[in-house]
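Let's work through a few exercises on ring contacts. Grab your viewer and have a look.

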Amino acid sequence: MKSFSHLDKKGKARMVDISQKTATLRFAKAEATVKMSAATVEKIKKSEIKKGNVFTTAKLAAIMSAKSTSNLIPLTHPIKITYSDVKFLFTKNGIKIISEVKVFDTTGCEMEALTMAAVAGLTIYDMIKAVDRSAEITDIWLLEKRGGKSGLWKRK
């Protein structure tokens, strides 16, 4: 079994030393889903959510969260993000969130993409909770990562 890179020889948590790694272009894509009632979906489509524009607010929150990931997730490295974006797609019973992050750095950006998807979902929930407290944030996962020593990985 492969050892965990974030544990030292005594099993204690540590930040991985990436000082000798080569900077490369890296990319990560993640997604999350916010399930909600059809009535809530319609209110979003018609811009009838009283708190404001759901997607503009969620997009800003997502981008800000990517830049703050190393402050939120212990042992992640601060990285120089060169691109981040989030897209929102209406589904039959909610909204699918797709986040993307690019960096030119010595470590990957998977956690930033995942954080973006999660925070966008939380923000959408916050925007709609007055009309749909039963909304659920589900299926947060990595879709793809590229770059670094391990190369390309895609969810099947």
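F55, F88 and F90 form one aromatic cluster. The model is predicted, with local features needing pLDDT of at least 70, side-chain atom pairs pLDDT 80 or more, and totals for chains, interfaces and linings using all residues. Residues count from 1 along each chain as its sequence is written, and side-chain values use heavy atoms, leaving out hydrogens and water.

**Exercise 1.** Classify the aromatic pairs (Phe, Tyr or Trp ring centres within 6.5 Å, using the six-membered ring of Trp; planes under 30 degrees apart are stacked, over 60 edge-to-face, the rest tilted).

*Solution.*
- Step 1: searching the whole structure turns up two aromatic pairs.
- Step 2: F55 and F88 are stacked, at 4.8 Å centre to centre with 20° between the planes.
- Step 3: F55 sits in helix α2 (residues 54-67) and F88 in strand β2 (residues 81-91), so this pair ties together parts 33 residues apart in sequence. Helices (H or I, at least four residues) and strands (E, at least two) are DSSP runs, numbered from the N terminus.
- Step 4: F55 and F90 are edge-to-face, with 5.6 Å between centres and 70° between planes.

**Exercise 2.** Find the charges over rings (NZ of Lys or CZ of Arg within 6 Å of the ring centre and within 35 degrees of the ring normal).

*Solution.*
- Step 1: go back to F90; K45 lies over its face, 5.0 Å from the ring centre.
- Step 2: check Y83; the charged end of K102 sits over that ring, 5.5 Å from its centre.
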